[in-house]
Amino acid sequence: FYFRYRFLLLFLHLLRAVTALEKIVSKPGDNATLSCIYRGGKLHLQNLRVYWQIDDDQNQCPVVHALISGQDNESEQCIHFKNRTRLFWDRLEEGNFSLLLLNVSQSDEHTYKCVVLQRSEYAKMIHQAKVALSLAASYSQPILRGPIRNSTEEEVTFSCRSDNGYPKPIVYWINKTDNSRLPSKLEITHHPDGTYSVFSTLKVKASPNMQIECSIENKILQENLSANYTQQKQSNDFSTQNPENLEKKQRGAQAVGIISVVILIGVVVALTCWLRRQRQRSSKLVSYTGNE
């Protein structure tokens with residue numbers, strides 16, 4: 001039996017039937033279902049052998065999961081997949097030999113092949129399917145902070161952060177005034193669940209009219225998330241955006257407002273006094289005319 005089993009494995013390794021390739025994307029840490037469905041009618045499991053293999057790395061891992069005569073066979077299963085694969089037992093007789101792969105990680109990114117053999121006088125392949133598994137997860141909306149003025153240089157610093165995505169993204173900064181890319185620094189954190197967080201910093205010369213964009217690109221998902229900063233030209237001194245200068249500006253505005261109120265009160269008092277004098281003069285004039 002051992003030699004017959006090894007012969008079947010060798011046969012499967014050499015087999016290269018033309019099969020459509022299905023592509024699926026899963027998030028790291030999630031479960032992935034690799035599809036393999038035979039639609040040729042009802043089957044008897046006792047007469048079947050079903051093999052799931054890694055199609056692009058067969059020498060190192062000949063068997064991901066095996067079903068022989070209606071029972072799981074773990075004798076040739078790769079250690080990497082032990083206790084991580086399941087078939088849908090309630091669907092097998094209907095021809096659904098899809099494989100549930102638990103807790104997928106970066107090392108599971110392969111092209112997988114499902115081969116279904118039917119035993120009569122000899123083993124005959126009745127179905128084959130291929131599934132390419134890729135891992136991907138959307139990054140969070142980037143958070144852009146800044147500008148922070150450097151106290152010793154005529155430049156400002158921006159930062160951009162995005163979390164919990166996969167795979168490593170392409171991070172870049174754009175000067176929107178001329179659509180040029182700006183050099184920056186990037187820090188990448190790898191989390192236990194397999195996802196990544198990115199933190200990028202940008203230093204640019206301070207100017208009164210800046211338009212900066214931070215972009216996080218995930219090629220597998222074809223996603224491009226961005227955050228923008230636009231500095232309107234309000235004065236010739238960009239340092240007004242510094243929190244200390246902004247506070248001084250607010251205090252100055254408050255002082256101007258107080259002075260304006262004092263001046264307005266003075267004008268009202270002066271106008272009131274002037275009106276009283278006018279009334280007094282009018283009353284004296286009327287009194288003098290009456291005495292005559």
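Predicted model: local features only at pLDDT ≥ 70, side-chain atom pairs only at ≥ 80, totals over all residues.
**Strands, a hairpin and a buried valine**

Residues are numbered from 1 along each chain as its sequence is written, and side-chain values use heavy atoms, with hydrogens and water left out.

Some terms. Strands (E, at least two residues) and helices (H or I, at least four) are DSSP runs, numbered from the N terminus. Two strands pair if DSSP finds at least two bridges between them.

Strand S3, residues 48-54, runs antiparallel to S4, with four bridges joining them. S4 itself spans residues 65-68. What covers it? Both faces are covered: His 65 and Leu 67 are buried on one side, Ala 66 and Ile 68 on the other. Buried means under 20% relative accessible area, exposed over 50%, partly exposed in between, with a 1.4 Å probe and protein chains only.

Next, S4 and S5. S5 is residues 71-72, and it pairs with S4 in the antiparallel sense over two bridges. Ile 68 stands opposite Gln 71 in S5. The two strands form a hairpin with two residues between them. In that turn, Ser 69 has a positive phi of about 55°.

Now an open sheet. Three strands, order S2-S7-S6, antiparallel pairing. Which strands sit at the edges? Strand S2 (32-34) and strand S6 (85-87), each pairing on one side only. Neighbouring strands here are turned by 25° against each other on average, direction ignored. Those angles run from 0 to 180 degrees between N-to-C directions, with axes as lines fitted to C-alpha atoms, for helices over the stretch in contact. S6 and S7 (residues 99-101) run antiparallel, joined by three bridges. Arg 86 has Leu 100 as its bridge partner in S7.

On to Val 116, in strand S8, residues 111-119. Why does Val 116 count as buried? Because its relative accessibility is 0%. Leaving out residues up to four places away in sequence, Val 116 touches several others, including Cys 36, Val 50, Phe 97 and Ile 126. Contact means heavy atoms within 4.5 Å. Gly 95 lies 21 residues from Val 116 along the chain, and their C-alpha atoms are separated by 9.6 Å.

Last stop. UniProt, in an unreviewed entry, places a "transmembrane region" at residues 255-275. In the model, that stretch is 100% helix and 0% strand, with its end C-alpha atoms 30 Å apart.

Terms used
UniProt positions renumbered as here; feature names shortened; annotations may be inferred.
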